Structure formats: structure tokens, C-alpha cells
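Here is a short report for a reader meeting this structure for the first time. It takes up the salt bridges, the sheet and the helix contacts in turn.

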Amino acid sequence: MTRFPWKTALTVSTLLAATVYASAQMFSDRMNGHMQQGGTMDQMHQQMMQRGGMGNRGMMHGAQAGVTSTPTMPGQDAFGAIQEVVQILQADAKTDWAKVNIEALRQHLIDMNEVTLHAAATQRDVDNGIEIKVTGEGRTLEAIKRMVPAHVSELREIGWNAKSDDLQNGVTLTVIASETQPLTKLRALGFMGIMVQGGHHQQHHLMMAAGQFVH
């Protein structure tokens with residue numbers, strides 16, 4: 001046995017206690033550092049949020065700056081088209097109100113809606129061209145017989161080789177390919193792609209409302 005065992009035990013205990021205390025102190029210091037850092041990060045985050053919030057509010061304010069207090073969208077295409085034409089007529093001092101016929105324009109826009117959305121179009125290839133049988137019933141049939149032959153006349157004026165033939169339940173539209181309107185393009189355009197050719201629609205709408213043109 002060693003001499004003075006109680007002194008050795010006391011020394012070891014003292015060293016252990018000192019080690020534990022030092023470790024605890026270091027851990028405490030680290031925690032405080034993390035808390036301080038976390039607090040700093042929280043403050044930075046709050047500052048960024050505040051700045052971001054101010055930025056977002058600024059952006060929202062900027063976006064709203066261009067918004068007027070009165071709506072500008074008409075809410076319905078035909079309504080908007082009629083509104084535009086009426087405004088043009090009202091702004092023209094030469095408008096002859098005795099001839100103006102807004103109802104004629106409204107009926108034509110109904111025709112456009114029927115042909116665009118409700119007509120059936122069956123397409124097939126013919127010799128160097130395409131043939132489209134456009135059919136419908138009731139109001140749609142009436143619109144087809146008014147619009148398709150009239151549009152064929154317009155197509156011819158702009159250089160297309162097109163014709164229309166009456167059917168009992170519609171119209172047959174035939175378009176022959178050319179150098180400027182190749183067969184591949186005609187097939188891709190189909191019925192409505194061909195119907196929207198030319199820039200006459202808008203001018204005809206104005207003339208129709210002014211009583212200068214009957215579709």
C-alpha cells in the first residue's frame with residue numbers, strides 16, 4: 001500500500017473537480033455564444049423581413065399605381081366589339097345616325113360566335129387542295145350560309161383560290177393550293193385558320209354598324 005492514501009485521493013478528487021468545472025464553463029460559454037449569435041441572426045432576419053416587407057409593399061404599391069379606379073375590361077367580347085364601334089361612331093362628327101344600325105352588327109357577331117364555336121367542320125384532301133364540309137342546325141346553319149360564302153369572296157380578293165357550294169345542312173368550302181398557299185399550309189390551317197384570313201373583319205364591322213355594308 002502507498003503511504004498517505006488519503007492525500008492522493010484528495011489530490012485526484014481536486015483535479016477531477018477542476019476538470020469538470022472547466023468543461024462546464026466552456027460548455028456554458030459556447031451556449032451563450034450560440035444564443036448571442038442566434039439572437040443576432042434573429043435580429044438580422046427580422047430586419048431583412050422588415051426590409052423585404054417594405055420592398056414588397058413598395059412593389060405592390062408600384063403595381064397598383066397603374067391601376068385606375070374604373071374597370072377597363074368590357075367582360076364579353078361581342079360587348080367590347082360593339083362598344084368600340086359605338087365610340088368610334090360617336091367620335092366622328094360625320095356619322096349619319098339615320099343610317100346607323102348597331103343591331104345588324106350584333107346579329108353578325110352572333111353569326112361569328114355560332115360558326116366559330118358550334119359549326120361542325122369535316123375536312124378531306126382533294127386534288128391539290130382541301131374540301132371542308134361545314135354543317136350545323138338552326139341558328140348555326142343560318143350563320144354558316146351567311147358567313148362562309150361571303151368570306152370566300154374576300155379570300156378571292158386577296159388572291160386565294162377558293163369556292164363555296166351549298167349543302168342542305170351547310171356549305172362546302174374548297175380551297176386549292178398555290179405557290180403562296182401550299183397544300184401543307186392549307187391542311188394545317190383548316191376551317192377556322194382559313195376563315196380568319198384577311199384584315200377585313202374589323203372594317204366591315206364598322207361599316208355594318210354605320211349602315212354602309214350588309215353582310
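## Salt bridges

Eight salt bridges turn up in a search of the whole structure. A salt bridge here is a side-chain nitrogen of Lys or Arg within 4 Å of a carboxyl oxygen of Asp or Glu. Arginine 139 forms one with aspartate 111, and their closest N and O atoms are 2.4 Å apart. Arginine 139 lies in helix H4 (residues 138–157) and aspartate 111 in helix H3, so the pair ties together parts that are 28 residues apart in sequence.

This is a predicted model, in which local features need pLDDT of at least 70 and side-chain atom pairs count only at pLDDT 80 or more, while totals for chains, interfaces and linings use all residues. Residues are numbered from 1 along each chain as its sequence is written, and side-chain values use heavy atoms, with hydrogens and water left out.

## The sheet

Four strands form an open sheet in the order S1-S2-S4-S3, with antiparallel pairing. Strands (E, at least two residues) and helices (H or I, at least four) are DSSP runs, numbered from the N terminus. Two strands pair if DSSP finds at least two bridges between them. Strand S1 (120–126) and strand S3 (161–167) stand at the edges; each has a single partner strand, so one side of each is left without a neighbour in the sheet. On average, neighbouring strands are turned by 20° against each other, direction ignored.

Seven bridges join S1 to strand S2 (residues 129–135). Arginine 124 stands opposite glutamate 131 in S2. Helix H5 (residues 183–195) packs on the sheet and touches S1, S2 and strand S4 (170–176). The direction of H5 makes about 15° with that of S2. Seven bridges also join S3 to S4. These two strands form a hairpin with two residues between them. Aspartate 165 has threonine 172 in S4 as its bridge partner.

## H2 against H3

Two packed helices are described by the angle between their axes and the distance between the axes. Axes are lines fitted to C-alpha atoms, for helices over the stretch in contact, and angles run from 0 to 180 degrees between N-to-C directions. The axes of H2 (residues 77–91) and H3 (residues 102–117) come within 10 Å and cross at roughly 150°. H2 and H3 are therefore roughly antiparallel. Angles over 145 degrees count as roughly antiparallel, under 35 as roughly parallel, 65 to 115 as roughly perpendicular and the rest as oblique.

Contact means heavy atoms within 4.5 Å. From H2, Ala78, Ala81, Ile82, Val85, Val86 and Leu89 meet Ile102, Leu105, Arg106 and Leu109 of H3. These residues divide into nine nonpolar, no polar and one charged. Ala, Val, Leu, Ile, Met, Phe, Trp, Tyr, Cys and Pro count as nonpolar, Asp, Glu, Lys and Arg as charged, and the others, Gly among them, as polar.

## H4 and its two partners

The axes of H3 and H4 come within 8 Å and cross at roughly 105°. The two helices are therefore roughly perpendicular. Their contact includes Ile110, Asp111 and Val115 of H3 and Arg139, Ala143 and Met147 of H4. The residues of this contact divide into six nonpolar, two polar and four charged.

H4 and H5 pack at an angle of about 95°, with axes 10 Å apart. That makes H4 roughly perpendicular to H5. Met147, Val148, His151 and Leu155 in H4 meet Phe191, Ile194 and Met195 in H5. Here the count is six nonpolar, one polar and no charged.
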